[in-house]
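Here is a short briefing on charged pairs and a surface patch. Keep the structure open as you read.

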Amino acid sequence: MNVPRRLRPFAVMGAWLATVPLASAHRVDEYLQATRLSIDIERVDLEIDLTAGVAVASKVFAWIDTNRDGEISSAEGDAYAREMLRSVVLKVDGWPAPITLVETSFPQFRDMSLGVGTIRLRATARIPAAAAGRHQVSFLNMHRPESSVYLVNALVPANPRLQFGDQRRDIAQHGLTMEYRVIADAPSDRTLALLVGLALAGCLFLRHGGAIRASRAP
């Protein structure tokens with residue numbers, strides 16, 4: 001799908017908001033894991049929001065608060081985020097793309113116990129620069145499947161050189177597979193000017209070379 005530039009902000013917002021009704025309506029005994037993928041030529045960014053329902057909030061909090069002091073320290077939050085990301089597999093063109101944790105945000109237990117506290121993880125994966133042509137990205141999340149439900153979406157690309165195909169998910173939305181195409185980059189103004197200059201030089205050489213050969217003919 002190639003979205004006109006003026007409509008891209010609205011398309012991105014629409015893709016983001018598409019998960020809101022589902023997130024707010026998930027059952028109280030579920031751990032909702034919603035992932036958004038932002039794909040570019042040399043990277044894939046991940047935004048993962050984890051929201052525990054009221055009935056499972058205490059259990060989820062205990063997974064993170066390992067010293068049981070009622071608070072989530074930076075070390076505990078970081079350890080849990082990395083554990084969660086170890087349950088995620090991201091591949092581009094069939095090759096694993098290592099994921100690096102960038103940022104975390106953890107709510108207070110009170111908010112989690114009310115079912116409104118969301119854990120936010122931000123991560124990124126550097127990938128080899130995609131050449132022009134067709135490519136594929138796949139994502140799989142198997143973190144805490146015994147008590148979780150999942151959502152996954154790829155956001156509309158901000159890069160005009162990317163065109164996305166259909167997003168295919170398994171029935172539980174553990175994973176997503178999507179084909180996308182990279183459009184060849186147009187030559188820069190400097191490259192274009194160089195090519196034009198070489199073409200003109202070639203024409204002049206052929207013209208003057210022909211004139212010289214004609215003048216030397218007996």
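Buried means under 20% relative accessible area, exposed means over 50%, and partly exposed lies in between (1.4 Å probe, protein chains only). This is a predicted model: local features need pLDDT of at least 70, side-chain atom pairs count only at pLDDT 80 or more, and totals for chains, interfaces and linings use all residues. Residues are numbered from 1 along each chain as its sequence is written, and side-chain values use heavy atoms, with hydrogens and water left out.

**Salt bridges**
- A salt bridge is a side-chain nitrogen of Lys or Arg within 4 Å of a carboxyl oxygen of Asp or Glu.
- The count by this rule is 11 salt bridges.

**A buried pair and its network**
- D49 and R36 form a salt bridge, with their closest N and O atoms 2.8 Å apart.
- D49 is in strand 2 (residues 43-52) and R36 in strand 1 (residues 31-39), so the pair ties together parts 13 residues apart in sequence.
- Strands here are DSSP runs (E, at least two residues) and helices are too (H or I, at least four), numbered from the N terminus.
- D49 and R36 are both buried.
- A network of salt bridges links R36, E47, D49, R120 and R122.

**Pairs with more to see**
- R82 and D78 meet in a salt bridge (2.8 Å, N to O).
- Both lie in helix 4 (residues 74-85), four residues apart, about one turn of the helix.
- R82 counts as partly exposed because its relative accessibility is 40%.
- D78 is also partly exposed, at 28%.
- R144 and E146 form a salt bridge at 3.7 Å, N to O.
- E146 is exposed, at 55% relative accessible area.
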